[in-house]
Amino acid sequence: IRDRKNTFEASVSKDGKDITSSYSIAPVYGSLTVTVRAIDITMTGGEKTYDGKPFELGMKIDGLAPTDNAHETVMPELIDAGEYKDVGYTELLIRHDNGDDSTDDYAVSTYTKCDVTIYTRLVSVKVTDIERVYDGTLLTSNAFEFTDGTSAADGETLILTCSGNITNAGSTENGVTGWKVVDTAGNDRSHNYELTGAESGTLTITPRPIEIKAADKEKEYDGYAIDARGSHEVLGEYGLADGQNITQIITLHGEYIKAGTYENAHTVEEGSVIISASDGSEVTANYDISYSSGTLTITKRAITITSGSDSKMYDGQPLTCEKYDITSGSRAETDTITATFTESVTFVSDGTADNKFTVVMTHSDPDVGEVTDSYDISYVYGTLMVTSRPITITSEGETKPYDGTPLKGSRYTLTG
């Protein structure tokens with residue numbers, strides 16, 4: 001905006017010839033005046049739900065010259081929830097197309113400000129149900145899911161504080177006791193939110209499944225019942241929780257005496273188990289205990305029995321020898337041996353015979369009875385032999401008067 005003289009220069013010519021010097025010209029200058037241009041500014045507001053971003057204000061300018069545009073308009077930064085009245089720009093710069101500042105060439109005739117409303121952001125949540133297997137540690141959780149299509153603004157995080165906590169097997173309510181919203185820098189943005197619904201969740205600890213198996217036992221047959229007490233192992237995916245131990249377990253005496261392999265179905269007495277934590281407190285109720293059998297194996301008792309050997313001079317009677325010795329191993333102290341001999345020799349022509357025999361092992365307890373099959377018996381046979389009997393046969397002499405027939409003697413004596 002400025003006033004300037006409308007200066008000029010004049011020349012006079014005649015028939016194409018400059019005759020300006022023939023005149024004394026006295027110029028009188030007029031004025032050139034550009035007045036301030038009136039403009040009307042209208043601000044456009046509105047409403048939205050808090051989203052963590054500045055409200056986008058609108059501005060309309062009526063009356064700008066065709067060569068000019070509004071540049072570098074500074075608007076107030078409206079971010080937080082609330083009602084803002086008479087909102088206008090804070091700085092306006094108008095430039096000509098050539099880049100010159102023409103702001104001062106304008107005067108605001110009418111300036112209509114606006115109102116802006118940023119509503120509190122409504123959120124609702126459901127605390128997440130959490131379930132895990134008992135491990136002896138405290139279970140807490142502040143996890144949740146947004147409900148009803150709600151969410152926090154981009155770049156902001158809702159943090160819950162929940163009341164539930166549980167250590168032993170069971171369930172407990174996990175309700176919301178506090179909340180806040182923070183941005184990426186950790187600044188509290190909670191004042192822009194309203195928690196309209198907070199459904200509690202449930203914390204559940206399930207009993208820890210373990211299998212207590214009686215340890216396998218093996219021994220050699222000794223006439224007494226196998227003892228399976230006092231040994232076991234814990235099987236399964238989980239085992240005992242860290243720092244916990246079985247402090248009591250009642251295992252039953254084995255019921256089996258004879259050699260064989262048996263399912264040890266009653267090694268652990270159900271309900272007898274006590275599991276304790278490192279502080280000595282009982283935690284058995286936090287376990288789902290199953291029981292499984294061990295295997296009881298009684299191996300056969302190795303023993304070698306050797307029958308006696310005997311010989312005699314032939315006497316016409318069968319030769320037997322009912323003697324034996326245990327030459328390797330031993331019999332169980334509870335058992336007795338009954339031997340049955342099956343061989344005899346009467347004649348020299350029978351040659352040398354093995355003194356074969358069999359034995360039956362019998363337990364001292366009539367309820368147990370025969371236990372021969374609990375032995376691995378090796379038999380070694382002695383020999384039976386009849387030798388020739390030496391004898392002397394002496395014929396007797398005979399006499400007679402001659403009678404024309406042969407004289408034969410038929411009498412003899414036998415010694416030996």
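## Contacts along the chain

Take the contacts between residues at least 6 apart in sequence: 65% of them join residues at least 24 apart. Keep in mind that this is a predicted model.

## Overall shape and surface

As for secondary structure, the chain has 38 strands and zero helices. Its radius of gyration is 62 Å, while the globule rule gives 22 Å for 416 residues, so the chain is more spread out than a compact globule.

How much of the chain counts as buried? The figure is 30% of the 416 residues. The accessible surface comes to about 25,200 Å², and carbon and sulfur atoms account for 45% of that.

## The largest nonpolar core

The largest nonpolar core is made of 20 residues, and the ones with the most contacts inside it are Leu 57, Leu 78, Val 116 and Tyr 193. At least two residues of this core come from each of strand 12 (114–119), strand 13 (121–127) and strand 16 (156–162). As background, nonpolar side chains tend to be buried together in soluble globular proteins.

Tyr 193 is worth a click in the viewer. Setting aside neighbours within four places in sequence, Tyr 193 is in contact with Tyr 50, Thr 120, Arg 121, Val 123, Ala 152, Ala 153, Glu 156, Trp 179 and Val 181.

## Cysteines

There are zero disulfides in the structure. Cys 162 has a relative accessible area of 13%, which is under 20%, so Cys 162 counts as buried. Cys 321 is buried too, with a relative accessible area of 7%.

How values were computed:
Residues numbered from 1 in each chain as written. Predicted model: local features only at pLDDT ≥ 70, side-chain atom pairs only at ≥ 80, totals over all residues. Heavy atoms only, no water. Core = buried A, V, L, I, M, F, W, Y, C linked by side-chain atoms within 4.5 Å. Buried < 20%, exposed > 50% of the residue type's maximum accessible area, 1.4 Å probe, protein only. Helix = DSSP H or I, 4+ residues; strand = E, 2+ residues; numbered from the N terminus. Contact = heavy atoms within 4.5 Å. Disulfide = S-S within 2.5 Å. Rg over C-alpha atoms; globule rule 2.2 N^0.38 Å. Areas by Shrake-Rupley, 256 points an atom, 1.4 Å probe, with all protein chains shown as cover.
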